[in-house]
Amino acid sequence: MSKMDYIADCKGLEVLIETQQKEMREETARMFKEQRKEIGLTQTELGRRIGIPQSNVTRFESGNYNPTLEFLVKMAAAMGKKVKVSLEDQETPAK
């Protein structure tokens with residue numbers, strides 16, 4: 001990891017960032033999967049709409065794929081949705 005990925009004076013934060021990234025990937029995949037199912041699209045149909053194999057949709061929905069913003073925007077558009085990104089304050093660990 002680069003020095004930008006963690007704060008040196010907070011012991012264990014490097015692991016926390018990796019955990020946050022994994023949780024965010026999994027949550028994003030869950031949201032996209034729920035939306036896909038809600039509108040009645042199969043993985044195959046979604047893949048066809050954005051020009052990728054169904055196996056790539058499966059890999060994304062499993063949370064084991066780190067998608068690009070471009071990928072997320074294409075998937076959302078194929079479902080009649082748009083991507084919205086927000087920033088929130090981190091919870092401060094108790095002292």
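This is a predicted model: local features need pLDDT of at least 70, side-chain atom pairs count only at pLDDT 80 or more; totals for chains, interfaces and linings use all residues.

I begin with E70, which is exposed at 52% relative accessibility. Exposed means over 50% relative accessible area, buried means under 20%, and partly exposed lies in between, with a 1.4 Å probe and protein chains only. Residues are numbered from 1 along each chain as its sequence is written, and side-chain values use heavy atoms, with hydrogens and water left out.

Which residue forms a salt bridge with E70? The partner is K74, and the closest N and O atoms are 3.4 Å apart. A salt bridge here is a side-chain nitrogen of Lys or Arg within 4 Å of a carboxyl oxygen of Asp or Glu. K74 is partly exposed, at 41% relative accessibility. Both residues belong to helix α4 (residues 69-78), where they are 4 residues apart, about one turn of the helix. Helices are DSSP runs of H or I with at least four residues, strands are runs of E with at least two, and both are numbered from the N terminus.

How many salt bridges does the structure hold? There are 7. One of them joins the side chains of E26 and K22, at 2.9 Å from N to O. These two residues are 4 residues apart in helix α1 (residues 13-38), so about one helical turn separates them. E26 is partly exposed, with a relative accessible area of 34%, and K22 is partly exposed at 44%.

Helix α1 also contains E27 and R30, which are 3 residues apart, about one turn of the helix. Their salt bridge brings the closest N and O atoms to 2.4 Å. E27 is partly exposed at 35% relative accessibility, and for R30, also partly exposed, the value is 35%. A network of salt bridges links E27, R30 and E34.

I now turn to the aromatic rings. Rings of Phe, Tyr and Trp (its six-membered ring) pair if their centres lie within 6.5 Å; planes under 30 degrees apart count as stacked, over 60 as edge-to-face and the rest as tilted. By this rule there are 3 aromatic pairs. One of them is formed by F60 and F71, an edge-to-face pair with 5.4 Å from centre to centre and 70° between the planes. Because F60 lies in helix α3 (residues 54-61) and F71 in helix α4, this pair ties together parts that are 11 residues apart in sequence. F60 is buried, at 1% relative accessibility, and F71 is buried at 11%.

Y65 and F71 form an edge-to-face pair, with 5.4 Å between centres and 70° between the planes. Is Y65 buried or partly exposed? Y65 is partly exposed, with a relative accessible area of 21%. One aromatic cluster is made up of F32, F60, Y65 and F71.

Finally, I come to Q43, in helix α2 (residues 43-50). Q43 counts as buried because its relative accessibility is 17%. Which residues does Q43 contact, leaving aside its neighbours within four places in sequence? They are R36, Q54, V57, T58 and E61, where contact means heavy atoms within 4.5 Å.

Thank you for your attention.
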